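Here's a walk through how the chains in this model sit against one another.

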Amino acid sequence: MDWHALHEGEEAKLLQLADRYKLHPLHIEDCQHGGQNAKLEDGDSYLFIVLKPVFTQDDGTVAFGDFDVFIGSGYLITYEEIGCNKLLALVQKVQNHQALSNDQIFYRILDGIVDSYVPVLDAYSEQIDVIEDQVLFDPKPDLLETIFKLKRSFIELRRVLTQTRDLCGHLMRSEDAILDPKLHPYFRDVYDHLSRHIETVEMSRDLLSGALDIYLSSVANRTNQTMKVLTILSTIALPSVATSSIFGMNFEFMPWIHRPEGLIYAGVTSLSITAILVSILKWRRWI
Amino acid sequence: MDWHALHEGEEAKLLQLADRYKLHPLHIEDCQHGGQNAKLEDGDSYLFIVLKPVFTQDDGTVAFGDFDVFIGSGYLITYEEIGCNKLLALVQKVQNHQALSNDQIFYRILDGIVDSYVPVLDAYSEQIDVIEDQVLFDPKPDLLETIFKLKRSFIELRRVLTQTRDLCGHLMRSEDAILDPKLHPYFRDVYDHLSRHIETVEMSRDLLSGALDIYLSSVANRTNQTMKVLTILSTIALPSVATSSIFGMNFEFMPWIHRPEGLIYAGVTSLSITAILVSILKWRRWI
Amino acid sequence: MDWHALHEGEEAKLLQLADRYKLHPLHIEDCQHGGQNAKLEDGDSYLFIVLKPVFTQDDGTVAFGDFDVFIGSGYLITYEEIGCNKLLALVQKVQNHQALSNDQIFYRILDGIVDSYVPVLDAYSEQIDVIEDQVLFDPKPDLLETIFKLKRSFIELRRVLTQTRDLCGHLMRSEDAILDPKLHPYFRDVYDHLSRHIETVEMSRDLLSGALDIYLSSVANRTNQTMKVLTILSTIALPSVATSSIFGMNFEFMPWIHRPEGLIYAGVTSLSITAILVSILKWRRWI
Amino acid sequence: MDWHALHEGEEAKLLQLADRYKLHPLHIEDCQHGGQNAKLEDGDSYLFIVLKPVFTQDDGTVAFGDFDVFIGSGYLITYEEIGCNKLLALVQKVQNHQALSNDQIFYRILDGIVDSYVPVLDAYSEQIDVIEDQVLFDPKPDLLETIFKLKRSFIELRRVLTQTRDLCGHLMRSEDAILDPKLHPYFRDVYDHLSRHIETVEMSRDLLSGALDIYLSSVANRTNQTMKVLTILSTIALPSVATSSIFGMNFEFMPWIHRPEGLIYAGVTSLSITAILVSILKWRRWI
Amino acid sequence: MDWHALHEGEEAKLLQLADRYKLHPLHIEDCQHGGQNAKLEDGDSYLFIVLKPVFTQDDGTVAFGDFDVFIGSGYLITYEEIGCNKLLALVQKVQNHQALSNDQIFYRILDGIVDSYVPVLDAYSEQIDVIEDQVLFDPKPDLLETIFKLKRSFIELRRVLTQTRDLCGHLMRSEDAILDPKLHPYFRDVYDHLSRHIETVEMSRDLLSGALDIYLSSVANRTNQTMKVLTILSTIALPSVATSSIFGMNFEFMPWIHRPEGLIYAGVTSLSITAILVSILKWRRWI
């Protein structure tokens, strides 16, 4: 029932507690440095757990903070990186619950952090839907940048999710005295949520890399279409240019040029050549 | 023999039963929320199983519903999402069988749901055959959209199949008292069906991603062909344009222009240049 | 010593035997339906094995049939799909051997079926050699179709080989009374053959997907070459067209046009521009 | 407490020690040859460990040296390849610590070497950031060379990191008398660092191969844009060239040519054709 | 101490020995047929090992032969495919060592064969270096052929190396009486060499497939550059052609044509249009 909810900046208190409960120096170092992987480590008489709450940065991008937990018999220490407001609200909500045991408090925080990944995943899914449409109907270069950034985000998100799932897998099978076995199905539930999240990320990554392939195909297709247009243009223009250049030559003796119907003859010749060329190209399925 | 076949909307009854048979709150929550993964979970005195029947939506696309099953000693509870008419028919057919034990009923439902994946897989296979033909002989941009959608469907289908197979793998090895060991070979049979389905999906995904590669190659090929046509056109037209432009210059002193056979000389010159150019290009295999 | 060699169409006999030897209904169903995966299943007192002999269809493509085997103590039942003539010859050859025990007969059939994959693999290898050459020296669109079909064949072949290998792995470690342990090294030998076949298929698939990549590169290369030809053509033609157009203008006051050497001046100018342009392009390595 | 810190060139001493402590000839050979994999091998009464410190070569590229360690009960032998100055500083710093036991010395060296990978990883990360920007906004061919070299570096780095991690995994679970079990959490800490490094490398490789795909898409996009420009140019120029060639023909009987407003008619005709062409192309979304 | 060093063609002797030492008929068959995988098989009282020495064929390509070894208690039989001269030298060198036991002889041969892979790997590495340079600076179609052949070689080499490594893994853990446990570290050493070789092959394959990607990008890049050149050429030529065609029209009433400075006006107009076009293209970053 002894919950010490510390924030970044309260290192002095943390060191005191480390002293009282004989916390391992490496674990204290992890709290101080931040930027840890999500993990669970067995201390001699306690569990040390690093969770990675997600929060939105000022520039709209998503980042992960550190939330460190020590659970021993009779005490719970949480050490929280500043910046994650939603998490703060979560912690306060849990703190108002008087009747909760230490491991129930921990479960609620874990569950809350895992739930906080859902809106992030949803936002990414929507982005992919938009990308898919654009890739097919309006492939522009700035789409490539979006795909690249999203890819980066998925790589990072996947790492956090996998590590947290491994941690939950350990929790739902743990047999030490610190965690009540009655909580196992609850941890299993969190584990299942994380598995589903990871599957969603995998699916999204797959779709994203598919989107890039389709972008390339889409652009190749457009180039092909532009080529065809150019070829058709040339097919139409070149015969008339050639024909009229010929009749523009300054030879004294030229056929048709002194006849009134000469111009019509020339026009018909030119148009016939164009018509024949277009027919050939159509017939060979070249344009 | 005590089968409670509930539908979405009968939550009150579900809660009553949960109370009577001490069903775990997390399992009840799964029934209520829907959108679960296919899974099998051990309750204290019962098995909780989520199956994913497939059904066709109004817009012709395929979706997966939830079908939740609780099997305990002496009772069977099924909870069904509304919308899956075929499944309804299946359940009714099984209900008419008076002599079936609870686990036999469950096997029949499971088998029926797994069989319902077959027409979906067949429809996808046909789509791939069509795509293959189009990709080779008529690569159009809307093909990309079809490939993309199909890819998405396969990702989802594969997930459901894998999870259901894992669940069957558990059933065919289970040693608790709830399921009669005589059913093991039957579950193994379902397991084999699912394995074959998964292999079909894998094969289809492989073919689909191959189709995209071939689409790209096909388009590149057509661009190349269009380029060649344009080059041949230019090879034919440019010499005659150049020649006739030259004889169109207003110089006082020009060769051939005062001779009757001048025009023929010019024509022969122009055609010779074209012929030489085409020969060179053919010889170097450039066109 | 009691070998019942049944063919498709002798279902009545099969059902009689099923009754006599208490064969599992699911296994009988597998025999009747066909299209099974290669597999080994433990019945209560017998082994049920599905093998996949390969045969050539009328249209020259390769297909797999079903060959079902039941081995119990004192009896052997084989059930054969019609259409595989080579297999028929194999079975007859084995039948003439009077002195063979049931498990020896089974080994010979298994070995014969696995050997029958060799010519198929060889035919595919040759096809790949042809594709490799064509892809490099004559990349045509119909090559894509060949690659696609071959890819499909490899996917299927690989599936059959893997399943048969797994089955052999089981046989060479089996410790039940039905198969003589003296046969273990023989099954291991078949296992090794199958492993080598699978490696060949993997190698072929790798080469095939490499061939597609190279096809794309090859086509891109040709497009580049065609582009260069077009650019060189334009570089040569455009200056002369431009120059002669200029001297074809109807201005009263034009330089050079009244001089006898004017035409030569114009020609030299035009050729010089072309020469300079070509030099620049060569120097910048653009063509 | 008996630490023999040898450098490359002190082979005679090494052989003496090998004789005294009965070191395995293969291990001595590994020290002499260099270019070993990072590894841990159990000698009869000692551990032989090869570490791979990183150092920067004269041409700015990164290379790996060999650092060989023998830990026995009561003695520590380190054999160091010359060239790694930073490592020298590290070793000296550790040597000044009088109170350290052999295994603590070893841990400090291991930790120092693993920490020395961080600046290398950071430098690579920055390079990837630069590449990403260039690939999107300024795709030049020399970028390909950078990507290629970086890819090579990652392959090598990954190999060293994986091997060192495997080695640490062994250390943190080792149960022989040579390493104090109190060091296990410290080795686990190094193991975690290495895992994080490997994840960073994997992530970087993923991003790099994504960068290459995007480079290709980017170039394809630019080609498409250039094609469109060429097509638009042709669309604008060809009608006016064709029209004016027609009115340049030397027919006696031509419409408009004797009228004062004829030139305007011709100009309007030419511009109208261009306008219609451009409209069609825009409408069909071809340019 | 009883070493029977047989060559291909001494089958009669082999059959005699098979009879004397009760060698398994399948092993004898393997010797006779050749083309085996590298493998180790336990006979009842001996080990049967197939090694794959590498040799250079007459056409400069690399091929693998078979070298079969039977080690029993008190005898060693080696059966060697003709064609591998280097191996012959190795065997003779080992034969001159009188004092070696059978398992030491075997170790030396194994070590010699594994060492013989090194020059092959080195030759391939050099080829890749050459390919990398060419792919970046001079992407020609015949490079594709080289890449394809090298890819094939790596696939085969990898297979031999992996199988030989698996075989060594077995040897270094074997606990039967035939191989002296003192040799275990030596076999482990060979195992490490092979692991390093396999890593080199993997790294090379990775680089090779990267080279192909870069080839494609390189060619796409060149096509883009050629396109730009063509566009610039057209941008420069088309305005002057159009302008001069206009002033070449035979209208009676044309502006400027009767003035002395008319030609200059026309030239300035034409050059201005070109200048404006080039500026626009530069500004929009299209060329």
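Let's begin where chain E meets chain C: across that interface there are 13 residue pairs in polar contact, counting pairs with both residues at pLDDT 80 or more. That confidence cut-off is there because this is a predicted model, and side-chain atom pairs count only at pLDDT 80 or more. Which parts of chain E supply at least two residues each to the side that touches chain C? They are α2 (25-33), β2 (39-42), α6 (141-173), α7 and α8 of chain E. Of these, α7(E) brings the largest share, 20 residues. Sort the side of chain E that touches chain C by class and you get 26 nonpolar, 17 polar and 11 charged residues.

Now for the charges at this interface. The rule finds 6 salt bridges between chain E and chain C. In one of them, the side chains of E:R205 and C:D206 meet, with 2.8 Å from N to O.

How much surface is involved? The size of an interface is often given as the accessible area lost when the parts come together. For chain E and chain C, the buried area is about 4,600 Å², and carbon and sulfur atoms give 65% of it. On the chain E side, E:F148, E:R152 and E:L263 lose the most area to chain C, and together they make up 15% of what that side buries. In terms of contacts, 54 residues of chain E touch 49 residues of chain C.

The area buried between chain E and chain D is about 4,500 Å², with 64% coming from carbon and sulfur atoms. There are 6 salt bridges between chain E and chain D. Here are those residue numbers again: E:D206 forms a salt bridge with D:R205, and the closest N and O atoms are 2.9 Å apart.

Some chains don't meet at all. Chain A and chain C do not touch, and their nearest C-alpha atoms are 9 Å apart. Likewise, no contact joins chain B and chain D, whose closest C-alpha atoms also lie 9 Å apart.

Finally, zoom in on a spot within chain D. The axes of helix α4 (residues 102-115) and helix α5 (residues 117-137) of chain D come within 4 Å and cross at roughly 10°. That angle makes α4(D) roughly parallel to α5(D). Where do the two helices meet? D:I113, D:V114 and D:D115 in α4(D) meet D:Y117, D:V118 and D:P119 in α5(D). The residues of this contact divide into 5 nonpolar, no polar and 1 charged.

Note on methods:
Residues numbered from 1 in each chain as written. Chains lettered and ligands numbered in written order. Predicted model: local features only at pLDDT ≥ 70, side-chain atom pairs only at ≥ 80, totals over all residues. Heavy atoms only, no water. Axes fitted to C-alpha atoms, helices over the stretch in contact; angles between N-to-C directions. Parallel < 35°, antiparallel > 145°, perpendicular 65-115°, else oblique. Contact = heavy atoms within 4.5 Å. Nonpolar A, V, L, I, M, F, W, Y, C, P; charged D, E, K, R; others polar. Buried area = accessible area lost by both parts, 1.4 Å probe. Salt bridge = Lys/Arg side-chain N within 4 Å of Asp/Glu carboxyl O. Polar contact = N/O pair within 3.5 Å; in protein donor to acceptor, adjacent residues only side chain to side chain.
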